[in-house]
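I opened this notebook to keep track of what I looked up, entry by entry, while going through the structure.

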Amino acid sequence: LPYAWEYVLGCDVRRERALAFAARAAAAGRPVVIFFASDSTEPVPVPNSIVFHTSLCASTLRPGEYALPAWSEDFVERYGAGRLALREYAALPVVGFCGCADPLRPSVWARTKPWLRRGLHSLGLLTAAASLPSGRTLRAAAMRYLAKSRAVRTNFVVHAQFWAGAADAWAAGVKEPMLAARLAYVRNLMDSDFVLCVRGSGNFSYRLYEALCCGRIPVFVNTDCVLPYDFAVGWRRHCVWVEGAELPAIATQVERFHRQLSPDGYQELQRSCRSLWEEWLSPHGFFRNFHRHFETTGIAGGSR
């Protein structure tokens, strides 16, 4: 499809053209490849489609659906003059986060909501993904567990609003607050050994890809996610993998992962994280390997 699916949403004309395009492809015996960069996890209603989507749930993954990386800028080129800044190994690793999250001291209602969600899930009234707390709540919970641990150091900058509240100023043509927020975000990445990566409004994390781009090791909290090239990439070698239900043990898992690295191995992993982004997850890397999705399925239409 020659335009992204998010441009179809809310526009009847584009939707009709997209469906007509898909019908012509189906008549020719060909599938339609659709790109969908959105927080939504709703399926694309085109039967003969292969969909590359930023926000997916593993438990409801449909045939022909694959993860699409979330793309921003190349931080090393933009902010590091093309040079990957490597950190030295330290006994206590620094875990960083800069972004929007619930208060680290939650209200009674905030503490109650996760239990309510789990109860509704046990009654079959919520899916596994919907039963999880929001991204903001999960981020705050993860930071609280990390902050309590003596095995790690924390580098947290928590904002109550998206982009530290600078998005409205940007929309009004005032760029300075957004640029300052961006630089603070980049500094936080660069000044951390590990970076907490938890879903946002969609079931994916921009921060995951941006941390890898900077050669930083993600602490990835899995919320029923689907990651790009999960059939070819060793994701667990490049990040601390924490299941959503294991959140109370997040600091222990970071400590264990860090202890297994030698000083040389730690720097090599930083290079490997950057290489993973360059070779598989950057726009060029993703499309250089794009054909692998179809080789894996063995059929033109794609299936899992």
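Entry 1, the model. I noted at the outset that this is a predicted model.

I looked up α5 (residues 135-148) and found 14 residues reaching 20 Å from the first C-alpha to the last, close to the 20 Å expected at 1.5 Å a residue. I then listed its buried residues, among them Leu 138, Arg 139, Ala 142, Met 143 and Leu 146, and checked what the buried residues pack against, which came out as the strands β4 (94-100), β5 (153-159) and β6 (194-197) together with the helices α8 (206-213) and α10 (250-259).

The largest nonpolar core has 60 residues, of which Leu 196, Val 219, Trp 235 and Ile 250 touch the most other members. I recorded that helix α11 (residues 263-281) gives the largest share of this core, 7 residues. A second, separate core holds 12 residues, including Leu 1, Val 8, Ala 18 and Ala 22.

I counted 11 salt bridges. In one of them Asp 193 meets Arg 87 at 2.7 Å, N to O; Asp 193 lies in the loop between α7 (176-190) and β6 and Arg 87 in the loop between α2 and β4, so this pair ties together parts that are 106 residues apart in sequence. Asp 193 is buried, at 2% relative accessibility.

I next looked at Glu 210 and Arg 182, whose side chains meet at 3.6 Å, N to O, and which link helix α8 to helix α7 across 28 residues. Glu 210 is buried at 5%, and Arg 182 counts as buried at 12%.

For Arg 259 and Glu 255 I noted 3.3 Å, N to O, with both residues in helix α10, 4 residues apart, about one turn of the helix. Arg 259 is exposed at 56%, whereas Glu 255 is partly exposed at 28%.

Which residue in the loop between α2 (75-79) and β4 did I mark here? Ala 81 lies there, with a phi near 55° although not a glycine, and is exposed at 77% relative accessible area. Trp 163, in the loop between β5 and α6 (167-171), has a positive phi of about 55° and is partly exposed at 28%.

Notes:
Residues numbered from 1 in each chain as written. Predicted model: local features only at pLDDT ≥ 70, side-chain atom pairs only at ≥ 80, totals over all residues. Heavy atoms only, no water. Helix = DSSP H or I, 4+ residues; strand = E, 2+ residues; numbered from the N terminus. Expected span 1.5 Å × (residues − 1). Buried < 20%, exposed > 50% of the residue type's maximum accessible area, 1.4 Å probe, protein only. Contact = heavy atoms within 4.5 Å. Core = buried A, V, L, I, M, F, W, Y, C linked by side-chain atoms within 4.5 Å. Salt bridge = Lys/Arg side-chain N within 4 Å of Asp/Glu carboxyl O.
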